[in-house]
Amino acid sequence: MTATARGGNGTAPLVSVRNLKKEFPIRKGVFSRQVGAVKAVNDVSFHVARGETLGVVGESGCGKTTTGRTILRLLEPTSGEIYFEDRDVRAMGTRDLRALRREMQIIFQDPVSSLNPRMTVGAIIREGLTIHKLAEGTAADARVSQLLQEVGLRPEYATRYPHEFSGGQRQRIGIARALSVEPKFIVCDEPVSALDVSVQAQVINLLEDLQREHNLTYMFIAHDLSVVEHIADRVAVMYLGKIVELATADDLYREPLMPYTQALLSAVPVADPKARKERIILQGDVPSPANPPPGCVFHPRCHHPAKDVACTKIVPPLEEKTPGHFVHCIKQPPTSVSWEQQKEVGGVHPPERYLPLAAVHA
Amino acid sequence: MASPLLSIRDLRTYFYTESGVAKAVDGVSFDIGAGETVGIVGESGCGKSVTALSILRLIQPPGRIETGSRIEFEGKDLVTLADDEMRNIRGNRISMIFQEPMSALNPVFTVGDQVAEVARIHAGIGRKKSWERAVETLALTGIPAPEERAKQYPHQLSGGMRQRVLIAMALIMKPALIIADEPTTALDVTIQAQILDLLVHLQKEFGTSILMITHDLGVIAETTSRVIVMYAGEIVEEASVTELFARPHHPYTEGLMHSMPHIGHDQERLNVIPGTVPAPTNWPHGCRFRERCPYSWELPEREHPPLYDVGAGHISRCHLAREPERRNHPHQPLVVQEGVGAA
């Protein structure tokens, strides 16, 4: 089985994505000839079930933000399929797309640059109501007050400007703006990364409360693994444009099977000076997405003891290792890429189960 | 105990702004011993970075280190030291690693030139000699093929490599003290692990003292031996790293520890510290944390708490030291009752 677009518990997924690719051309010279492409999102498939939070983690340049923006068609995908409630998002024209944006919203990382400094907070929140003809006049004013209260701000703040607010308050304004059109699905793109720890906790709790009250579905993009563990039901780990592991948060953090996830988890500093910790220090840097390594994208930095030449030749499928736990690795058994196939291309180490971190975060 | 390498007494750094006097650092005292790694932790605006910049006297107007502040380092008072003597200390005896490795490097010079320049200025050695030393130091920081890398420009290096270059610049004169201001905040977690590993290793190898400034309690736990917690321009708690994490005393420290999600210890709901840090132009009277504190009572409202000795080399700026039984009766903080708590 592969990780295609099936609902987690039998219900139809709210969002499903198949074989999504997004390439950014690299142009050079007087005629802007295309000389290559950055493969920001490279053949990614997943779904988001109604009411769940799908966490997407990975380091800078792994494609997590591009994936989020491509689903909303804020960026045009290069190829692949995106369905929202069985509607084909890629086939939509401008008018359909605008209607769809009422149902799919985004909260940005930077609460400073994502709010227009020349508009009052009220006007920022009202804009969506006007565009989608949801409310006008005093009804719109009342709705703005209600939204401000809902995100924990005072209704009087509607007449103030963004610069008068702290980072946490600005992020609340961004959340109120996203909520104004009553969306079903919100892409949260690093919504708490720019905030201090204590304020971060306030915003995370708010997002969780709102999800419960409005039955929202979230795609929560972040580089902070502990925040994602807290908020997500399932987690996708991305590396160089690929999803390399996808599982429930419990499974992923308890038993990370992709060597990259293992290293990523072991790298998080633990706020306990007595914790004895095995750390996997990855050598070198992430390769350029303009020229990703052949075979498994992680093979140049991989520490799996069975790593061999087969890893440089075979692109691993994202396959189910235990129920609901999908991993991109031909050396973690079971695998559909048989040992015979691996030997044919020069493999010397048969797949073996490797779990160096079993007790680390237990 | 031998006299400390750095001894700060009653440091006050104020900024004279249009909206009033911002008391960014307001009466801070602490020591750093030779070979010791001390951490300062706190959120934006607590005064941790201004403390670091004050040590190097990099405070620009309208900011000023107030008279009466003392920063003693190797027998000299850095507050009153002449400018040329201070230049001789910066980058030579005390060096600094900044948060943003891109903006801290000059884009039009090769990284080797920039590392070598430090040695040329401070050791008075020639171009060839200083270049050799730069390459050696780059190698120490784990940069592969340092001869080739030294000839490259900052934009040709990754974020992790650039941070290694900054560490090489900080290290080339073998300083007695390195101040690292959020050295890994801009880096990805796997690169952060490499850099923290490197700093700990270099500290052991050369016996350099490190002042580690960060907002991340994980970084503190993994790299430091003693921790200072700052809030609203003051030290609110100080203890050895094991003591602080085992027995946090100040409610702010407690709040910080509980509001962080921990991998493997998931809770249903995160604890929050309500409200936000007050404005530095107008610190609250009495205890500065009082309005956000779940234990506050009349005493903290009336009286600014001193740093109480709570045992085992542990100090805390909290009146709970005097009335510990109040910890058993938490209540809603003031700030929530006023209706601004959600902000």
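The buried residues of helix α3(A) pack against α4 (137-150) and α5 (167-179) of chain A. Contact here means C-beta atoms, placed from the backbone, within 7 Å. This is a predicted model: local features need pLDDT of at least 70, side-chain atom pairs count only at pLDDT 80 or more, and totals for chains, interfaces and linings use all residues. Residues are numbered from 1 along each chain as its sequence is written, while chains are lettered from A and ligands numbered from 1 in the order in which they are written.

**Helix α3 of chain A**
- Helix α3 spans residues 121-131, and its buried residues include A:V121, A:I124, A:I125, A:R126 and A:L129.
- Buried means 20 or more other C-beta atoms within 10 Å of the residue's own, with C-beta atoms placed from the backbone.
- Helices (H or I, at least four residues) and strands (E, at least two) are DSSP runs, numbered from the N terminus.
- Just after α3(A), A:K133 has a positive phi of about 50 degrees.

**Domains of chain A**
- Chain A splits into domain 1 (15-242) and domain 2 (258-344), with bounds from an automatic or database domain assignment.
- Their contact takes 15 residues from domain 1 of chain A and 14 from domain 2 of chain A.
- β2 (33-48), α7 (225-231) and β9 (234-239) of chain A each supply at least two residues of the domain 1 side.
- β2(A) gives the most to that side, with five residues.

**Chains A and B**
- 40 residues of chain B are in contact with 40 residues of chain A.
- On the chain B side, α7(B) provides the largest share, six residues.

Technical notes: Buried ≥ 20, exposed ≤ 12 C-beta atoms within 10 Å, placed from the backbone. Contact = placed C-beta atoms within 7 Å.
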